[in-house]
Amino acid sequence: MATSLADEALVQRSDPKPTPEQLEFFETQVRPLLVKRCHKCHSTESGPENGSLILDTAAGIAAGGSRGSMFHKEMPDKGLLLQVITYRDADLQMPPDGKLAAAELAILERWVRDGAALPEYKAEPRPKLSKVDWVEGRKFWSFQPLRPTPLPMISDPQWVARPLDTFVLAKLSAHKLTPNPPADRAQLLRRMTFDLTGLPPTPDELDAFVADNSAQSVERLVDRLLASHKTYGRLLSTLTVLHYAIQFRRGESIMAKCTNETTTSKVSPLMVRLDAESKRSLTDAAELRRISVSDYVRTVTVAQARREVASARDQTIQLSPDEQLAFWQALQASAKLSPAQKRLGAIMRGQR
Amino acid sequence: MSGVVLPPGFSLEPLQRTQPRRHFDCGQSEVNDWLHTKALQHQDKRLSATKVLLAGDSAIAGFYTLATGQVDFGDLPSELARKLPRRALPVAILAWLGVSVAHQGEKLGDLLLAQSLRDCYEAGQTFAFVAVILDCVDDRAKSFYQRWDFAELPGNPYRLFLNSQTLAAMMRS
Ligand SMILES: CC(C)(COP(=O)(O)OP(=O)(O)OC[C@H]1O[C@@H](n2cnc3c(N)ncnc32)[C@H](O)[C@@H]1OP(=O)(O)O)[C@@H](O)C(=O)NCCC(=O)NCCS
């Protein structure tokens, strides 16, 4: 499927075969113009940075860039190429440093309206410009949609309280193990508190839980532990983004990496997924601060990342509450100039 | 006295279409790219202002770009907010600065920095801001600016700043 863009372009370009006049026009008028005004940023040599658009091969022209084909078959004037060179779209104007001269525009308009004839080229898949293989990358497990999985066969349906238990029992049986007897209330509290906070329960918590024999006591316990800001909530938000970041950057298994990178916080890997928008916010926000994603996510949560990205659009610098405080204090600081700053001040005032 | 004293034969002008900005090379591709392809567009849209230092042969020997921005203080504890309001406060940003390879080592970088800060100071007499932020394109740029003891913006290792009192003191003393 990786070739679909090029294929489309080929289908588009292959009908009527260009006439010799059309080809001559391309070679004598269009190609020199592309060389002069476009190749600096859009050529095999300049690389894929600028919209993955390569204009020094016929295949590249036919394939278009990351925004797709440059041509609109039915309505030539609506094609991307004419849109951008006529500066109709305020957000994408090419060349960026000044509009083409009227005569130059006329050449490209004529060429496009006349079918954008190109010399023959080999029907190759679009050259792979990006170092990242997105098609392969999308096959990674965490980018797969959720699918219902059939329940495995088990020996003791009585034991199963909820569907998830089926998988547990199936794996236990596969390893010739039998389930432990149910935990008593003290054990249950201890295990859950350790799992969710990394700490043992306090004696008071133990007494309260053992005494509470209402039907919802376990649910209430889990809710309380999950809501605990200092422990689980914080751990989760930091780890979520950390795991995500490690995986996103390297495309490797969370499990393997996370054990290397979080040796200090010994926690079982939390398989939490982030939606695409959160992921993008994180990478963009780290980029704004010019630090690596993994450094960024060590201190900052997804919500903060989102704020920072949204704000950058209106030239607002977003800081976390702690950072705001530090900066605010620095703004109040009285002006005690260092010797270097005194020297710079002198230059500012016009001394030599 | 209208500003920093430039060496003989140099002049400072607003960036214009006719200047040979595409030939500028400071050895840092992002900085070059900014001047080659974006500075003028942004200036035309009034998003930033760029001044270029022209050498005698009218080649561009250096340039800097200033912009405005704001820092959001919406999360400050309210007891502190009596002094400064809890909202986004304006800042001036020295977004880009570069000296052409042909002229590096002639102290032009320092002169451009001084003039850009002076521009900020003068603009601040009319449009107030709380700090000047210096955006550093890489570690080299950062060490160049750090020679003047500017502090890092918390959490942003590639942004340095000086508060407006410091800026004013530099113009006074
Ligand atoms: C950084 C840059 C502007 C310096 O310009 P310059 O005119 O060569 O520098 P100057 O001649 O004014 O140098 C003045 C002093 O800065 C020092 N200096 C220069 N670059 C430095 C660096 N990267 N780190 C530390 N010090 C540096 C010089 O050694 C000199 O020190 P001295 O006064 O003790 O002799 C220039 O090298 C450049 O354009 N670099 C690429 C773009 C860039 O980094 N821009 C910065 C922000 S976007």
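Student: How many residues of chain A are in contact with chain B, and how many of chain B take part?
Tutor: This is a predicted model, in which local features need pLDDT of at least 70 and side-chain atom pairs count only at pLDDT 80 or more, while totals for chains, interfaces and linings use all residues. Residues are numbered from 1 along each chain as its sequence is written, chains are lettered from A and ligands numbered from 1 in the order written, and side-chain values use heavy atoms, without hydrogens and water. With contact taken as heavy atoms within 4.5 Å, the two sides count 42 residues of chain A and 62 residues of chain B.

Student: What area is buried between chain A and chain B, and which three residues of chain A supply 17% of what chain A buries there?
Tutor: The buried area (accessible area, 1.4 Å probe, lost by two parts on being put together and summed over both) is about 4,700 Å², with carbon and sulfur atoms giving 59%. On the chain A side, the 17% share is more than any other three residues supply, and it belongs to A:Ile317, A:Trp328 and A:Met348.

Student: Which residues form the salt bridge between chain A and chain B?
Tutor: The count across this interface is 1 salt bridge (a side-chain nitrogen of Lys or Arg within 4 Å of a carboxyl oxygen of Asp or Glu). Its closest N and O atoms are 2.6 Å apart, and the partners are B:Arg22 and A:Asp97.

Student: Which element gives the most to the side of chain A that touches chain B?
Tutor: Elements here are DSSP runs numbered from the N terminus: helices (H or I) of at least four residues and strands (E) of at least two. At least two residues of this side come from each of α13 (276-289), β1 (316-317), α16 (321-332) and α17 (339-348) of chain A. With 10 residues, the element that gives the most is α16(A).

Student: Let's turn to the ligand. Which element of chain B gives the largest share of the shell around the ligand?
Tutor: The ligand is surrounded by 20 residues (a heavy atom within 4 Å), the closest being B:Leu97, B:Val99, B:Lys107, B:Gly109 and B:Ser143. A ligand nitrogen is 2.7 Å from a polar backbone atom of B:Leu97, and a ligand oxygen is 2.7 Å from a polar backbone atom of B:Lys107. Two or more residues of the shell come from each of β4 (88-99), α2 (108-124) and α3 (139-146) of chain B. The largest share, 5 residues, comes from α3(B).

Student: What is phi of A:Ala116?
Tutor: A:Ala116 is placed in the loop between α5 and α6 (134-137) of chain A. Its phi is positive in a residue other than glycine, with a value near 50°.

Methods. A polar contact is a pair of N or O atoms within 3.5 Å; within protein, one must be able to donate a hydrogen and the other to accept it, and residues adjacent in sequence count only if both atoms are side-chain atoms.
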